[in-house]
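Trainee: Please take me through this model, setting each value against the definition behind it.

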Amino acid sequence: MYPVITISREFGSGGHSIGEAVAKQLNIPFYDGEIVNRVAVESGYAKELIETQGEYTSSTAMWFDISAAGTMYFQSPQDEIFIAQKKVILDCASKGPCVIVGRCADYILRKEGIRCMNVMIHADMEHRKKRVLDRYENIENVSIEKRLAKKDKQRKTYYKYYTDKNWGDFREYDVILDSGTLGEEMCVKTICELAGAFPE
């Protein structure tokens, strides 16, 4: 049986597409946007907020919240979203092999002792720039490097805050693949072959 496969990725490296293709080839469920929908139901927060607070943050985004009674408490909406995401991720993983993209899934599953293969997808800046410019309209080439750097920084901050580990550290992953050098098709093939041979 395949392990649960988690995909961590640099912004613009193609991690979502690679994860989706892996799930299709192995005929197992794929979870990325669906997690947002389920967390919206679990938490009561809007999907737009979950998309921006469920994986990205800056140090200034860890803010306090005010309850309906007007008293301050220390669990921010972002904390509540993380808790809801963790619950959804564990529920998805409990049902069998699947592919889960981002959202500290690698850390969450390992901490719970769930068998998983944690993959990191990265690429050089030129490949990432080209992919983002090809995929998204109305993005100026002059600002794309800053956008990529900002997204990665926000993911690092978020991951560090909730796991106390370093996002992108090779010691946290079973497999690290350069999608710029290898290409998405080779990354998919490699992940599928390794998943089939992953230790029980």
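**Strands, burial and ring pairs**

Mentor: Strand 1 and strand 6 run parallel and are joined by 6 bridges. This is a predicted model, in which local features need pLDDT of at least 70 and side-chain atom pairs count only at pLDDT 80 or more, whereas totals for chains, interfaces and linings use all residues. Residues are numbered from 1 along each chain as its sequence is written, and side-chain values use heavy atoms, with hydrogens and water left out.

Trainee: What makes strand 1 and strand 6 count as paired?

Mentor: Two strands pair if DSSP finds at least two bridges between them, and strand 1 and strand 6 have 6, so they pair. The elements themselves are DSSP runs numbered from the N terminus, with helices (H or I) of at least four residues and strands (E) of at least two, and the protein comes to 9 helices and 7 strands.

Trainee: How do you know that strand 6 also pairs with strand 7?

Mentor: Strand 6 and strand 7 (residues 175-178) run parallel with 4 bridges between them, and valine 119 stands opposite valine 175 in strand 7. These pairings belong to an open sheet of 5 strands, with parallel pairing and the order 2-5-1-6-7. Its edge strands are strand 2 (30-31) and strand 7, each of which pairs on one side only.

Trainee: Why is strand 6 said to be largely enclosed by the rest of the structure?

Mentor: Buried means under 20% relative accessible area, exposed means over 50%, and partly exposed lies in between, with a 1.4 Å probe and protein chains only. In strand 6 (residues 116-122), 6 of the 7 residues are buried, and therefore the strand is largely enclosed. For the protein as a whole, 48% of the 200 residues count as buried.

Trainee: Why is serine 13 called buried?

Mentor: Its relative accessible area is 2%, which is under the 20% limit, so serine 13 is buried. Serine 13 is found in the loop between strand 1 (4-9) and helix 1 (15-26). Leaving out residues up to four places away in sequence, serine 13 has contacts (heavy atoms within 4.5 Å) with residues including Ile121, His122, Arg128 and Ser179.

Trainee: How do you know that the side chain of serine 13 has a polar contact with the backbone oxygen of glutamate 10?

Mentor: A polar contact is a pair of N or O atoms within 3.5 Å; within protein, one must be able to donate a hydrogen and the other to accept it, and residues adjacent in sequence count only if both atoms are side-chain atoms. A polar atom of the side chain of serine 13 lies 2.7 Å from the backbone oxygen of glutamate 10, so the distance falls within the limit. The backbone oxygen of isoleucine 121 lies 3.4 Å from a polar atom of the serine 13 side chain.

Trainee: The structure holds 4 aromatic pairs. Why is the pair of phenylalanine 82 and tyrosine 158 called edge-to-face?

Mentor: Rings of Phe, Tyr and Trp (its six-membered ring) pair if their centres lie within 6.5 Å, with planes under 30 degrees apart counted as stacked, over 60 as edge-to-face and the rest as tilted. The centres of phenylalanine 82 and tyrosine 158 are 6.4 Å apart and their planes stand at 65°, so the pair is edge-to-face. Phenylalanine 82 lies in helix 4 (residues 77-94) and tyrosine 158 in helix 7 (residues 141-163), so the pair ties together parts that are 76 residues apart in sequence.

Trainee: What makes the pair of phenylalanine 82 and tyrosine 162 stacked?

Mentor: Their ring centres are 4.2 Å apart and their planes lie at 10°, so this pair is stacked. Phenylalanine 82 and tyrosine 162 are both buried, and ring pairs link Phe82, Tyr158, Tyr161 and Tyr162 into a cluster.
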